[in-house]
Amino acid sequence: MEILDIINGKKADLSKIGPDAEKEKIDITIPGKKEGIGHLNPISIVRRDIEDIFMGMGFEIADGPEIETEFYNFDALNMPKNHPAREMQDTFWLKDKKGGENLAMRSQTSAVQAKYMEKHKPPLRIIVPGKCFRREATDTTHDHTFYQFEALVAGENINVGHLKQVAQDFFSQFFQKEIKVRLRPSYFPFTEPSFEFDITCTVCGGVGCRACKYNKWLELGGAGMVNQNVFEAVGYKRNQYTGFAWGFGLERLAMMKYKIDDCRLFHSGDLRFIRQF
Amino acid sequence: MKYSYNWLKELSGTKLSPEKAAELLTMHSFEIEGLEKSNNDLGGVIVGEILEITKHPNADRLQVTKISIGKEKLQIVCGASNIEIGQKVPVATVGIILPGNFEIREASIRGVKSFGMLCAQDELGLGNDHSGILILDEKAKAGELVQKYLGINDNDSVLEIKVLPDRAHDILSHAGVARELSILEKRKFDYAFDDLILPKKISKKLKVEIRDKDLCKRYIGAVMENIKIVESPQWLKERLEICGLRSINNVVDATNYVMLELGQPLHAFDLEKIKTQNEKCDIIVRRAKNQEEIILLDENKIKLNGDNLLITNGDDALALAGIMGGKNSGITKNTKTIVLEAASFDAVNIRKTRMALGLNTDSSYRFEKDIDPNLTEKAMVRLLEILEHIADGKLEGIADIYPKKINSCVVNLDLEYANQLLGEKVPEKELLNILNLLGISTQKKKLLQCAIPTYRLDLRTQEDLIEDIGRIWGYEKIASRPMMTEVLPAKINEQVFFERKIQDKLLGLGFDEVYNYSFYGVDDLEKAGLIKKDHLQLRNPMNPDQEFVRAELAINILKNVRENLKNFSEFGIFEIGKCYALKNNKPVEKRNLILAKVLGKDGNSETFYNLKGAVEDLLESLGISEGSTFGEPKVEPSEIEKFMNPVRVAKISFGENVVGFMGEIKQSVLESYKISKRVAVAEINLEKLRKAAESLIEYQPINKFPVVSRDISMVVPREVRYLEIETLVKKTGGELIDSVLLFDRFEAKNSMAIRIEMSAKDRTLESAEIDAVMEKIVSRLEKDLKVEIRK
């Protein structure tokens, strides 16, 4: 007991002694030693967000090759040779062929639709995020290489109201606020009816502000009810199923989320850009 | 296409403002790309009255004028000689911007101040006349806007519509858009189409023959005599200009006007130039002969083949059908008799020809999207009407060849299905009214039989009809509805989640993720020593730098390294992406990971070992450290990547399974990319890696008995590799060896220090036992590997 007291007394004395405390003292404002953690490309971040939300809604993530045969990129999507709609997308064609078939860098993730449906029967729900290519002049909002994500739902009695709901749920989750969806008429050969797709401005919520240039709505992409010709091309009976599909640019979502003003940055490899995310 | 709103108003009878109409069209029909007030106020140029003209003191050709512009008087220097005192002329005052972005400024011209400009016709953007100042009507009042006295209507708006291929056949015309507007306002479109019937006057001068009926569905020719070629009236010029077309002369302008109104491209020939004999003319529509030539209106001489359709007079090619007229058959100011053409050509053929020849005209743009053959008649009648008025033309007669008349087709619509697909019940009365407005007559049987008018080529399935019903009724009326479906978990995409895992581990190791294009150029093939025939090649690259589909991720990564070295001295980057090799002429897709590392101080071998450490960390964290090896590549030249330093490259493999390689980039390649530092890269195939990482990690019991460690320091002969030492130690020590670790190395002397950890699973090792093992190890090292142990 006595010994313990002595020890404790000594300890107390020691801690009071000035010079030792002086030695212990350090400048805690000096920067820490960092190992350095890497950064994801913002496209990857957005892609994960999208995948997670859709998985929560029971969608499977599918993918296909980036080099597609003419058949899957066009014909199976109700765009036979010499269809004027083929010119809606300027396509990179390859000199090489596969078994006599023309090859293209896929101009849309929709190319995966037919492939997937050939192997699966409805009901089905998939999303296809992926790299796409179009031979377009590049500027701050266009790049010849870009990322799309495609959603496809097929089953019995799927209708336009379902498309609206799924889109609304997804965008509300993604932007963490209530988003409304507006459909406008459009044309895509692989859907009928076809829509252009707007969502309420993510900044003002549809009241009108500088971000949406007082338009209240932001244009996001194309959508529609799957054309029965597409179902027929994969071997489903005409009018047995209905479904909807859409395709949006991932870049656009990333640009909205992070206020990025030049889409070419995503493929720049510039660490001054990537290290911000 | 650009549309004049006044024109649309006239045709549709709408009372809506352009803004309201644009909104209505946007929500129910198609995208509006622009709506602008037509810029025809001439920038604010006003009327001036000339009060005085004096000679310029320092220039013979110039005059100094005093001009009244109402309240003010201006001094203006002028070079034209056609002016007289008392005349009214257009005055552009200081600050006004004339066509061509020419701003009027206060100026001093040869020492005399000038406060504006008197304008010639061309300076106002009204024509080509530059012969003198435009003299206005005497009644013009000084100070008022000039446009008032030139019959220019400035109240028009230009509507620009994005016309998609499905509706091109009817919407690339003012009548088409006017019809659409009427429908949206629930009014019947009352354009007098039914009155547009060809006169029954058969031409004595013109005969038409269609040789290739599959490529030309109808050809109407009409001969008009007594034509006077003059400038078009102002109203006609204005409308063309608003739609972006240049005025040429009354006949050509009239053909363009009718095209803009009805959507049917038309053409006019000079009969004098195409006639064969005795003032007669035989038009023969046929395929071109091989190597047949034609000089087009744009003066280009082109060679044709049997895929191209020609309008000929038997021998000579007069026009490239549906695309462009010939230079030698066109209208000139001396033309007296004309042959007018309204025809219907095969869309696919026009498209092929114009693509093959690289031509793109207003005409081919419409034909290649197909046009209703019945439109030719309406357009021809309209054209004749207009030419009678503006060119004093007298119809001589008509030749109409229409081998197979196109009639309306029937589409059966299931009303229940329509409501089901839209997800909302459209009241039947409204639905029938919409169809009626669309010009579709209906008959109710079990299904609704819909007779589609020939001017709607796009309505062929019931879904097409449902779309029109839905959009005209209003998509905004369709409520969102939750899907009623089984609750099923989403099937997990293993590859996606494996890649996420890889990304996350690499972030932890300090690597940043880059994305690159999937292409590189021939220049890169040369720099990196890649082989062209291993690559897929684009037929139509953006530029030569992006001609080949990447077979290696490393190439674009090197460019990332070069660019980032401008801002950073040390970094690690990675990319996950697809690359394509061409093997036996077949594309082979690989999903690969590439890592690249550059160090601030890169010494001799630091960069290599640093990246190797990262790769080892990554593999270990995936549970595949055991059995993975970094072997030297077997020397099979095709197997080693040509751009790698051959003595600093290693295969990454698990057993026999090679999943990738790592090493340093060859010095010469670095130099060609202007990179002055060592760069280490590792490329790993992710599908193979995932398979290797599939086996589950199994827990190993933690040893209850103490672990003893002993160090050995040695100088190793150059030809002996570290792996041989480690292997020998493990073999000699047997089960007792837990691990062997190289913890120090001095490169100059090739001295190494290793730490050996030993334990037994069932007992505490005695020091005698340890010493015996160590002795054995040391002696084997000395004997087998000729290592010099430092004591």
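Analyst: Two strands count as paired when DSSP finds at least two bridges between them. Strands (E, at least two residues) and helices (H or I, at least four) are themselves DSSP runs, numbered from the N terminus. The model is predicted, so local features need pLDDT of at least 70 and side-chain atom pairs count only at pLDDT 80 or more, while totals for chains, interfaces and linings use all residues. Residues are numbered from 1 along each chain as its sequence is written, and chains are lettered from A and ligands numbered from 1 in the order in which they are written.

User: How many bridges join strand β14 of chain B to β23(B)?

Analyst: Strands of a sheet pair through backbone hydrogen bonds, either parallel or antiparallel. Here β14 (residues 216–225) and β23 of chain B run antiparallel and are joined by seven bridges. Within this pair, B:Gly221 has B:Ala399 of β23(B) as its bridge partner.

User: In what order do the four strands of the open sheet in chain B stand?

Analyst: The order is β15-β22-β14-β23 in chain B, with antiparallel pairing. The edges are taken by β15 and β23 (394–401) of chain B; each has a single partner strand, so one side of each lacks a neighbour in the sheet. The partner of β15(B) is β22 (residues 338–345) of chain B, antiparallel to it and joined through five bridges.

User: How many residues has the largest nonpolar core?

Analyst: In soluble globular proteins, nonpolar side chains tend to be buried together. A nonpolar core is a set of buried Ala, Val, Leu, Ile, Met, Phe, Trp, Tyr and Cys residues joined through C-beta atoms within 7 Å. The largest one has 242 residues, and B:Leu340 and B:Leu383 are among those with the most contacts inside it. Helix α10 (residues 375–390) of chain B contributes the most to this core, with nine residues. A second, separate core has 24 residues, including B:Val45 and B:Met117.

User: Which residues does B:Leu383 touch?

Analyst: Residues are in contact if their C-beta atoms, placed from the backbone, lie within 7 Å. Leaving out residues up to four places away in sequence, B:Leu383 touches B:Ala254, B:Thr255, B:Val258, B:Leu266 and B:Leu340.

User: Is B:Ile652 buried or exposed?

Analyst: B:Ile652, which lies in strand β33 (residues 644–654) of chain B, is buried because 24 other C-beta atoms lie within 10 Å. Its contacts beyond four places in sequence include B:Val615, B:Phe630 and B:Ile684.

User: What is the radius of gyration of chain B?

Analyst: The radius of gyration is taken over C-alpha atoms, and the globule rule is 2.2 Å times the number of residues to the power 0.38. Chain B has 21 helices and 39 strands. Its radius of gyration is 41 Å, well over the 28 Å that the rule gives for 791 residues, so chain B is more spread out than a compact globule. Along the principal axes, its C-alpha atoms fill a box of roughly 125 × 90 × 60 Å.

Methods
A residue is buried if 20 or more other C-beta atoms lie within 10 Å of its own, exposed if 12 or fewer, and partly exposed in between; C-beta atoms are placed from the backbone. Two residues are in contact if their C-beta atoms, placed from the backbone, lie within 7 Å.
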